[in-house]
Amino acid sequence: MGALELLWFVLIAVFALIGVVRGYPKELGATASILVGMLVLTEWGEDILNSLDLALGAAAGLSFLASPYAHFVQALFYIGFFVAMVFLAYHGETLAFRGYPPPGLPGVALNALNGAVNGYLVAGTVWYYLDRFDYPLRLFGLFSPPLTDLAQRLLPFLPVPILQPYLLLFIAFIFLMRVLR
Amino acid sequence: MFNYLPFTLIMTLFTMLGYRRGTRSQLMLLGALVGTWLVIASSGRSLLRLIESTSLFLLRAGLGGEHPELRPDYFAPQPGFLADPNTYPLLFVAVAAIGCGVVWHFGTSAAGLSSLRGALVGALNGLWVSYVLFPERVLPWARRVAEESSSAVGPTRVVGDRPEVLIIAAVFGLIFLAVRWIRRPGMGPGLENIPPPEG
């Protein structure tokens, strides 16, 4: 097992632990915010990035997206925006559901599962954008290709390619459940 | 903009309708949709031809009878304009829209478990109407599976061969169960359940 997929599994486990500590009603609110972040990036990410490049590039007199570091800039934008959304999702109450988990093992299991889902979304989305922009981490010597077999088999199951057609439906579903429950 | 906005709106509308009007009304609507779909599937062309010929007859009768020179050009549809398979979903949607109106107007308010069941059946109705309108957007894998099954090229793929479907279903199910099992703030384990001391 290579470092990348190991880190992915570890992050999912860490998020599961966070879920156990915080309780899943808060985790569900974070899930909604994370999905909104994914929706913004997949639907408008390219437009926002091009607009930023035009505005900042005009001020600096160059185009960042046409530079040799275009992949790094793109990855920085997508991952930076997403991590900021995750930070906001976990900072404070945000969209948290009111109430408490059920007592005992079911409550702990639900907490851990919801936390793990959030970990899958967060770590998987970051990995997806790293992969899409050819792992710019290698610029800093933090990653050396190629991917292991396991990592290559995991790539199709990252959240963005799977959930992208259903993101809006997921968000509507969570908000609907919040209103109707 | 969003390809999935109409789908989300339809799903939300039907789910809300089911939640407010309960299971019985949604099951009646489901029955109406099933009946309509069966009629269209079995005799859609002849049914639409009947509607088309009747509407053409009434249109001509109201706009100068059999004298074409008295009819405006834009009221001269050609026979066959309606009896096109592409218009079948419109008939289905028309029935769904009328059914929604009837259920909303004549249905009674639901509460408790009936609301929950109504929302589920309503979501099912919404999923079906959406699938009739734009199948490739609602369940892209369903169409792919159907196409792959109908062609003799490869073996039929089932859900088990598509883990992404399981992932999506599992996340939906987890959210649904988790929300349903949240205990209200008044039932919590904390000190908020203890009434404040008097005096």
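Let's start at A:V21, a residue of helix 1 in chain A. In this predicted model, A:V21 is exposed, because its relative accessible area of 72% is over the 50% needed for that label.

## Aromatic pairs

Next, the rings. Over all chains, a search of the whole structure turns up 12 aromatic pairs. One of them joins A:F15 and A:Y90 in an edge-to-face arrangement, with 5.8 Å from centre to centre and 65° between the planes. A:F15 belongs to helix 1 of chain A and A:Y90 to helix 3 (residues 70-90) of chain A, so this pair ties together parts that are 75 residues apart in sequence.

Are these two partners buried or exposed? A:F15 has a relative accessible area of 11% and is buried; A:Y90, with 17%, is buried as well. Both values fall under the 20% cut-off for that label.

A:F77 and A:Y78 make another pair: their ring centres lie 5.3 Å apart and their planes meet at 75°, so this pair is edge-to-face. Both of these residues are buried.

## A ring cluster and a charge

Which residues do ring pairs link into a cluster? They are A:F77, A:Y78, A:F81, A:Y128, A:Y129 and A:F133. One member, A:Y78, has a charged neighbour too: the charged end of A:R132 sits over the A:Y78 ring, 5.2 Å from the ring centre.

## The salt bridge

Side chains of opposite charge can pair when their charged atoms come close. How many salt bridges are there over all chains? The count comes to 1. A:E27 and A:R22 are the partners whose side chains meet in a salt bridge, at 2.7 Å from N to O.

The two partners have different surroundings. A:E27 counts as buried because its relative accessibility is 0%, whereas A:R22, at 23%, counts as partly exposed.

## Confidence in the model

Chain A has an average pLDDT of 85, and 96% of the residues score at least 70.

Conventions. Residues are numbered from 1 along each chain as its sequence is written. Chains are lettered from A and ligands numbered from 1 in the order in which they are written. This is a predicted model: local features need pLDDT of at least 70, side-chain atom pairs count only at pLDDT 80 or more; totals for chains, interfaces and linings use all residues. Side-chain values use heavy atoms; hydrogens and water are left out. Helices (H or I, at least four residues) and strands (E, at least two) are DSSP runs, numbered from the N terminus. Buried means under 20% relative accessible area, exposed over 50%, partly exposed in between (1.4 Å probe, protein chains only). Rings of Phe, Tyr and Trp (its six-membered ring) pair if their centres lie within 6.5 Å; planes under 30 degrees apart count as stacked, over 60 as edge-to-face and the rest as tilted. A charge sits over a ring if NZ of Lys or CZ of Arg is within 6 Å of the ring centre and within 35 degrees of the ring normal. pLDDT is the predictor's confidence in each residue, from 0 to 100. A salt bridge is a side-chain nitrogen of Lys or Arg within 4 Å of a carboxyl oxygen of Asp or Glu.
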